[in-house]
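Please open the structure in your viewer and keep the selection tool at hand. The tour below moves from one selection to the next and says what is there.

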Amino acid sequence: MKEFFHMMRRFVAPYRRYLVGAVLLNILSAVFNVFSFSLLIPILNILFKTGSANQTYQFMEWGSGDTKEVLVNNAYYYVSQLIERFGPATTLLWLGLFLAGMTLLKTACYFGSSAIMVPLRTGVVRDIRVKVYTKVMCLPLSFLSEERKGDIIARMSGDVSEIENSVTSSLDMLLKNPILIVSYFSTLIITSWQLTLFTLIVLPGMGWVMGRVGRKLKRQSLEAQGKWSETMSQLEETLGGMRIIKAFIAEEKMIRRFVKCSNEFRDATHRVAMRQALAHPMSEFLGTLLIVLVLWFGGTLILSDNSPIDASTFIFYMVILYSIINPLKDFSKASYNIPKGLASMERVDKILKAPNPITERPDARQVSEMREGLEFRHVSFSYGTHEVIHEVNLRIRKGETIALVGQSGSGKSTLVDLVPRFHDVCGGEILLDGVNVKDFRIHDLRSLIGNVNQEAILFNDTFYNNITFGVENATMEQVVAAAKVANAHDFILESEKGYDTNIGDRGCRLSGGQRQRISIARAILKNPAILILDEATSALDTESERLVQEALERLMKTRTTIAIAHRLSTIKNADCIYVLHEGRIVESGKHEELLQKDGYYKRLNDMQAL
């Protein structure tokens, strides 16, 4: 329960006013409930002609004696007055109507207490989902590369829904049931302390049995949610790789993998459901066993010569005791539900509490332009223990174009990812105008940088919204101008709705060259001081490459550019070409100079020429 209350403090604090209202309504509901049940005693006495039906009572002044004695005496006095004036049958009707009225008030308060918790439940779930999404937005790319996307989706969907179903729904029980239990137990003690003492002796043993059954539920729930994540990951991979699956005729293989995941998830869910389903019948049996034991003990008291309780009061006691079983059952249900929800919360917390090494200093500096240039000074970077970049030194003056070439895995893309702080350097420093990039505000730093990647990452939206992505208040004239520079304007106008045409999921309705030109238009509209081209033309055919290359050349004219390329023909005119091999710069210079060195670059050039 410590974990549960810690979670409540984290997420329920903004909704305290709902908790206060729910507590007040639950108290009223419990009071009305006890008073409505107390009417059973005079009703039973009238029906069976015992107690107040055959005795004479005198009114006692309030405060003139023991509170319980005065309250019971005066209640009987008023009932006897009603019987004397209207007769037993009419009095029975009046008492029945009063019972119905008290029940109406009780149920109204009960409904109110449940209704007032709805904004809290839905609000907490919304807050958790938003916090997870916001955290994912803030985490570095290294976290997303280590986690499976399907697993993250499962945590935001299935796990958060489980928190709603298990934990926040149990919060209503945990507010309501303690109030009911306290009020019922107080009534039981006032009615007969002997019977209540016996009840308290029996109850802990039953609670221990319930605890034994529910102890393994959290571990089993963690296992089930893990299997659900695997299933979601399998689905996400299938949807993303459908073209390859069909091309390699691997449908049956993927179906077998999915069936295996689904079966494992079913088995894990089966174990959790079976243990959870055990809660109700077990609590039902234990509750009945409690009633039987109390009935036996109460019967021995009534049948004794000096009984401390009469028959009608004993029946009232049994009704209250039976009523206390439902809140206790709800507690047992909560003891099963809460571990399931806490297991999901534990999985969600792996995202919420994931450390973010990309931090911004409190006194971070603002930057709006690059005046001099960019410098990598003794830069090293590692993924865990695997070093990817080692002691890289290079300088880029404002307006220059440099190129990074080398075999796949040599660290080219990782090196440029260090500039906008997608990762932070492990050694050395990157300087912008002589200032460490870690000293700048992250938002300001990234606003200076534009990216055009090998894979054009577009969104399921219109041409206009994709081009203006990340640029606020762009006019249509600016968008059209950017599209013209990127050689995209003509094919956009040929689409059914022009700039308002939806391009489909990841731009699936466009060709590779068209997608790339849209991403270039997006970079042009952003108008960055530093342009990063990560193999922007390597996946295109000759005609598309020509159009994209023209657009890139227009884009590069007035900007500092870092170009990563496999096709050396696209970077011949760079001011300086750096050759990377296993994370180190092994050669640098202009195209002709590198060819004359007859080194690694010359071999790359000869292989491409061949």
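Which residues in α2 meet which residues in α5? Before selecting them, note that this is a predicted model, in which local features need pLDDT of at least 70 and side-chain atom pairs count only at pLDDT 80 or more, while totals for chains, interfaces and linings use all residues. Residues are numbered from 1 along each chain as its sequence is written, and side-chain values use heavy atoms, with hydrogens and water left out.

**First selection: α2 and α5**

Select residues 16–38 for helix α2 and residues 88–115 for helix α5; helices here are DSSP runs of H or I with at least four residues, strands are runs of E with at least two, and both are numbered from the N terminus. On the α2 side the meeting residues are Ala 22, Leu 25, Asn 26, Leu 28, Ser 29, Phe 32, Asn 33, Phe 35 and Ser 36, and on the α5 side they are Leu 99, Met 102, Thr 103, Leu 105, Lys 106, Cys 109, Tyr 110, Gly 112 and Ser 113, where contact means heavy atoms within 4.5 Å. By class, this contact has ten nonpolar, seven polar and one charged residues; Ala, Val, Leu, Ile, Met, Phe, Trp, Tyr, Cys and Pro count as nonpolar, Asp, Glu, Lys and Arg as charged, and the others, Gly among them, as polar.

The axes of α2 and α5 come within 8 Å and cross at roughly 160°, the axes being lines fitted to C-alpha atoms over the stretch in contact, with angles running from 0 to 180 degrees between N-to-C directions. That makes α2 roughly antiparallel to α5, since angles over 145 degrees count as roughly antiparallel, under 35 as roughly parallel, 65 to 115 as roughly perpendicular and the rest as oblique.

Now pick Ser 29, which is found in α2 and is buried, with a relative accessible area of 5%; buried means under 20%, exposed over 50%, and partly exposed in between, with a 1.4 Å probe and protein chains only. Not counting residues up to four places away in sequence, Ser 29 touches Lys 106, Cys 109 and Tyr 110.

Move along α5 to Trp 94, which is found in that helix and counts as partly exposed at 47% relative accessibility. The C-alpha atoms of Trp 94 and Leu 82, twelve residues apart along the chain, are separated by 8.9 Å.

**Next selection: α18 and α20**

Select residues 476–485 for helix α18 and residues 512–526 for helix α20, which pack at an angle of about 125° with their axes 8 Å apart. That makes α18 oblique to α20. Gln 478, Val 479, Ala 482, Ala 483 and Val 485 in α18 meet Ala 521, Ile 524 and Leu 525 in α20, and the residues of this contact divide into seven nonpolar, one polar and no charged.

**Two loop residues**

Asn 473 lies in the loop between α17 (463–467) and α18, and is exposed, with a relative accessible area of 74%. Asn 473 has a positive phi of about 60° although it is not a glycine. Asp 433, in the loop between β4 (427–432) and β5 (435–436), has a positive phi of about 55° and is not a glycine either. Most residues other than glycine have a negative phi.

**The whole protein**

Finally, show the whole protein, whose secondary structure comes to 23 helices and ten strands. Of its 610 residues, 48% count as buried.
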